[in-house]
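This briefing concerns the structure shown below.

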Amino acid sequence: MSLRSDKQTAGRRAGKQERQPLLNLSAFQPQSTQRHAQQHAQEGTTKGGAQQQKQQKQQKQQNQQNQQKPEPAAAEHSRMAASSMTSFMRSGDSTPLLGEEAQGWKPAVHQYVSLYNQAETEQHAAAVDGFVADKDHCGRLRGRLNRLRERDLLRGVLPSRSETKAELVRVQESGTEASVLIRLHIKRQIEHRGLRYIEERKEVERLWLAAAGERWHIVRIEPIIAERRPRFEHAFQDQNSVGEEEQQQQEEERFRLRSVPYLNYALFAAFQPQSNRALYRRDLAAAYADRWWNEPNPAYEEFEVNCTNYISQSVFAGNAPMNYTGNRGSGWWYKGRNGGREWWSYSWSVSNALTNYLSTPRQSGLRARVVDSAEELQLGDVITYDWNGDNRFQHSTIVTAFDAAGMPLVNANTVPSRHRYWDYRDSYAWTEQTRYRFFHIEDGL
């Protein structure tokens, strides 16, 4: 047999060997085995037809054996990979609920999230009423959605779309009962006089479920109304706010005593002092608030009630200088922790103390002017909230955008919110007694 005919015969046989079944278990051979087979085939073409036919016969037998029985190492690798994937899918309790493997109480939670989103979209609690046995919560939800619907109608807003995602935060199970803490991420697409924007907020709810046969039912829901919880008790705030006002008056008095005799520099052009006041960068304050609305900045401490700490960080990012006094009851400053001790002023981290600080006139540093309405606010300005009308302020927000009518949209923390309408009537914390204080930050600091 000539070398040419040997090559043609080998080519035809190789062509037949390529048409293997779609799932070719021989493909799992180690690369070294395949290389050896290729080397033997090459040697067969150079040593003559008889030796080549012998090698090809051995190769054909080896392929048949591989088709009947997978290579052990490859089979073991495939089994381990499948086992690993199954383990990953089953250990996803910390991942978002949507798309999880439904079992036990999980279908009830999934259905609740779907009905909650339907209620947000329709702005009516009927979708949840027939599913949740907790009538008190259904009443709370109905009141909140009614306020939201009335407000949107007055504004001329069309909520075109709502999306709600949920993730498990903590689960406690005992037989036929379960307590589930979930975090809801609500996105509302708003259309307002030709302007479209996304409003976001994250709320936490605790669900109690009970099993009745093979089905689970939600028997109680408790929303975690974090905006209503001050970082310190009211009495403690009041004592410090009084001391802060007295110390602030003393500081202003000391400033006046240090003043020099008045000179009219307008008469001496060459000696006119240059202003060294920084400009409040409203764009930077709003950009910082948008960057960190949904996660803590690791450069700062994160508090359980974090709203005012977040607002202070945003204002500071806008070039507002700290007023460091070393006394927690005065000034507006932050230095982190030292030996486990808190080193920041109450005005930095407590809404009531920040309200008192911004309400006090001063000649330098972070200065603000109280205005009468939200319409007078600009980017980077601050709103504080008194839910009960008792002159104790429990929540703080910062202006980060405006709707088509020029009304403020605000960001907040503790209950993370982005581009939320300023009046908070869509919050469980809001009451008929709610009062606001609007602060316009002065441009010259």
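In this predicted model, the buried residues of helix α7 are His-137, Cys-138, Leu-141, Arg-144, Leu-145, Arg-147, Leu-148, Arg-151, Asp-152 and Arg-155.

**Helix α7**
- The helix covers residues 135–155, a run of 21 residues.
- From first to last C-alpha, α7 reaches 30 Å, close to the 30 Å expected at 1.5 Å a residue.
- At its start, the backbone nitrogen of Asp-136 has a side-chain oxygen of Asp-134 within 3.1 Å.
- Just after the helix, Gly-156 adopts a positive phi of about 80°.

**Nonpolar cores**
- The largest nonpolar core has 28 residues, and the members touching the most others are Trp-105, Tyr-112, Ile-182, Leu-207 and Leu-209.
- The most are given by α5, with seven residues.
- Beyond its neighbours within four places in sequence, Trp-105 is in contact with Leu-168, Val-171, Glu-173, Ala-178, Val-180, Leu-209 and Trp-216.
- A second, separate core comprises 26 residues, including Tyr-280, Ala-289, Tyr-300 and Leu-354.

**Ser-351**
- Ser-351 lies in helix α12, which covers residues 351–359.
- Ser-351 counts as buried because its relative accessibility is 5%, and the cut-off for burial is under 20%.
- Neighbours within four places in sequence aside, the contacts of Ser-351 are Thr-308, Thr-384, Phe-393, Gln-394, His-395 and Ser-396.

Methods. Residues numbered from 1 in each chain as written. Predicted model: local features only at pLDDT ≥ 70, side-chain atom pairs only at ≥ 80, totals over all residues. Heavy atoms only, no water. Helix = DSSP H or I, 4+ residues; strand = E, 2+ residues; numbered from the N terminus. Expected span 1.5 Å × (residues − 1). Buried < 20%, exposed > 50% of the residue type's maximum accessible area, 1.4 Å probe, protein only. Polar contact = N/O pair within 3.5 Å; in protein donor to acceptor, adjacent residues only side chain to side chain. Core = buried A, V, L, I, M, F, W, Y, C linked by side-chain atoms within 4.5 Å. Contact = heavy atoms within 4.5 Å.
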